Amino acid sequence: MLPQYERLRDPSLAGDPIGPGGTTPGIRKSTVRIRFGKLAVTTAMLPVLGFLFCVVWSLMYNFVQANATHCMVYNFLPSLSAAIGNYQPQRFVWQFSVLLHAPPRYAIAFLYKNHHLSLLARKHRKEWAYLACILNIVELSSLVGLTLWTSSSNYEIHKFCFSAFIVCSILYMLLVVVINRLSRIDEMLTLAERKSLRYKRRLMWVNVLSILLAVYFFLRHNQYCEPYVYSLFALSEYVFVYSNIGFHMTAYWDFIHANMYFHWRTGLHFSSV
């Protein structure tokens, strides 16, 4: 689903004089307006489809290598790191999808900062909005880092970025849910806002549960070397990734009436109408 957009005439040109022959001197500049809801869905679908491709391709063409572990027991699902970083074309597809979706995500992080500042204005907790923004940016930067430095190319950097991604992701979700709980009254929420908050809570708990299960299955696999256990660890990773993407896609409801504008002189900015 591609974003809908329309070109708007630059207001500064409204009074341009008409030259000889009825033409306007110079080239008319325009502003591109993209509906935020479409942008949010398109941005989220990039890693969704990219990760799905990596897993399916690994199962079809790298099944034995991708599922191999030090225990030499049978598994049927590759880990996150093996699926996205150890083989081609999976590595290229994942890097392309993550790097392409990163710029809008950075812009949305600052949009959320302003949104949370407005919510917390009466609570005198504006520092929470800045903290949430920092966590969001570090989470996204860690995702970019673990994507560029794979477990096979540089394990230490990959491990550091993966750990930072997990910690910042969970802390960001918790903080956003707390901000919304403290600053909003359910009876005064719109239908879209209620849906957004409901899915945020559910996806946060799914995310936390999935990472706890992943830790359990990883430790059990290393200790007992049982068949299928590493695949359950991989499945928990998949749930963690998709619940994280789903949490960020709730921006669709938070800014359902917003638009993103791009102008050649003023750059990128958002509007609530």
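Predicted model: local features only at pLDDT ≥ 70, side-chain atom pairs only at ≥ 80, totals over all residues.
Q: Which helix gives the largest share of the lining of the largest pocket?
A: With seven residues, the largest share of the lining of the largest pocket comes from α6. Helices here are DSSP runs of H or I with at least four residues and strands are runs of E with at least two, numbered from the N terminus. Three helices, α6 (155-183), α7 (191-224) and α8 (229-249), each supply at least two lining residues. The helix asked for is α6.

Q: What is the volume of the largest pocket?
A: On a 1 Å grid over the protein atoms alone, a pocket is an open set of points with protein on both sides within 12 Å along at least five of seven lines, and a cavity is a set where a 1.4 Å probe fits but cannot get out; lining residues have an atom within 4 Å of a point. The largest pocket is lined by 18 residues, and Tyr155, Phe162, Phe218, Phe233 and Glu237 lie nearest its centre. Grid points are joined across faces, edges and corners, and the volume is the space filled by probe spheres set on the points. For the largest pocket this volume is about 500 Å³.

Q: How many residues line the largest cavity?
A: The structure holds two cavities of 30 Å³ or more, and the largest has a volume of about 290 Å³. The residues closest to its centre are His101, Arg105, Asn244, Ile245 and His248. Helices α1, α4, α5 (126-148), α6 and α8 each supply at least two residues of its lining. The number of lining residues is 23.

Q: How far apart in sequence are the parts tied together by Glu139 and Arg105?
A: The side chains of Glu139 and Arg105 meet in a salt bridge at 3.9 Å, N to O (a side-chain nitrogen of Lys or Arg within 4 Å of a carboxyl oxygen of Asp or Glu). Glu139 lies in helix α5 and Arg105 in helix α4, so the pair ties together separate parts of the sequence. Both residues are buried (under 20% relative accessible area, with exposed over 50% and partly exposed in between, using a 1.4 Å probe and protein chains only). The separation of the tied parts is 34 residues.

Q: How many salt bridges does the whole structure hold?
A: Among them, Lys159 pairs with Glu156 at 3.7 Å between the closest N and O atoms, and both lie in helix α6, three residues apart, about one turn of the helix. Another joins Arg220 to Glu226 at 2.5 Å; Arg220 is partly exposed at 31% relative accessibility, and Glu226 is partly exposed at 25%. The search of the whole structure finds five.

Q: Is His116 buried or exposed?
A: His116 is found in helix α4 (residues 90-119). Leaving aside residues up to four places away in sequence, His116 touches Ala129, Ala132, Tyr172, Val176 and Ile179 (contact means heavy atoms within 4.5 Å). Because its relative accessible area is 1%, His116 is buried.

Q: What is the separation of the C-alpha atoms of Ser271 and Tyr261?
A: Ser271 is placed in strand β4 (residues 267-271) and, at 23% relative accessibility, counts as partly exposed. Not counting residues up to four places away in sequence, Ser271 touches Ala258, Asn259 and Tyr261. Ser271 and Tyr261 are ten residues apart along the chain, and their C-alpha atoms are separated by 7.6 Å.

Q: What percentage of the 273 residues in the chain is buried?
A: Of the contacts with a separation of 6 or more, 71% are between residues 24 or more positions apart. The buried share of the 273 residues is 47%.

Notes:
Residues numbered from 1 in each chain as written. Heavy atoms only, no water.
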